[in-house]
Amino acid sequence: MKRIFTGWLLACSLLLLLVGCDAEKVDYSARLYQKDQLSFQHFGHWTIASDEVADDVRFFSLEGPADIIIAGQVYSAQEQLLMDDFVRWYSDAFAKELPFGKVIDVRFSELVKTVGDTEHSGVREDFVVELLGQHIPFSCEYLMLEKNDKVLFLMYQSEDSEYEKGQDSLNLLLKSVQF
């Protein structure tokens, strides 16, 4: 089973964590992102941070308000990558590659997310980043979608205090994503 991880997502996560963002204008007009076989809607105040293919795996990420990140990885269904394996691998890789600070107090729980009439099951990870004496609680939601002999793993990461700010964007993406 292939396990591919690119440092771009970790670098983006850490950079946003350390630097933060200025107050942004909120634009709730839906925008369509479409490239090759990937398409989804996102709100205007979100930015497409990356979209690349490496070793037959498609990686994309969006950056939103309050340092929130939505990222996806599209695999061939033949990879037979299980959700629990992906979550543990991603979580471990994030903790190991975090250049500053330390990930502590990691907890996993089952997640059921209902968007419209569709129920998505997944995993929620709660963890704390210890950085310069500060303890910053984070949440990460992992969801798996299967379509057309492909599997999409979606990850939504935010500080706990900002968790609700990006849920509408995640829901819009879930309703509209094609891969």
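Helices (H or I, at least four residues) and strands (E, at least two) are DSSP runs, numbered from the N terminus.

The model is predicted: local features need pLDDT of at least 70, side-chain atom pairs count only at pLDDT 80 or more, and totals for chains, interfaces and linings use all residues. Residues are numbered from 1 along each chain as its sequence is written, and side-chain values use heavy atoms, with hydrogens and water left out.

Next come two strands. Strand β6 spans residues 102–115 and strand β7 spans residues 118–131; they pair in the antiparallel sense over 12 bridges. Two strands count as paired if DSSP finds at least two bridges between them. Within this pairing, S109 has R124 in β7 as its bridge partner. The two strands form a hairpin with 2 residues between them, and G116 in the turn has a positive phi of about 65°.

Another position to look at is L82, in the loop between β5 (69–76) and α2 (83–97). L82 is exposed, with a relative accessible area of 54%. From C-alpha to C-alpha, L82 lies 9.9 Å from V151, while 69 residues separate the two in sequence.

The charged side chains remain. Side chains of opposite charge can pair when their charged atoms come close. A salt bridge here is a side-chain nitrogen of Lys or Arg within 4 Å of a carboxyl oxygen of Asp or Glu. By this rule the count is 6 salt bridges.

One of them joins R58 and D51, at 2.6 Å from N to O. R58 is buried, with a relative accessible area of 11%, and D51 is buried as well, at 15%. Another links D105 and R107, whose closest N and O atoms are 2.9 Å apart. Here D105 is partly exposed at 47% relative accessible area, and R107 is partly exposed at 43%. K165 and E162 also meet in a salt bridge, at 2.8 Å from N to O. K165 has 46% relative accessibility and therefore counts as partly exposed.

How values were computed: Buried < 20%, exposed > 50% of the residue type's maximum accessible area, 1.4 Å probe, protein only.
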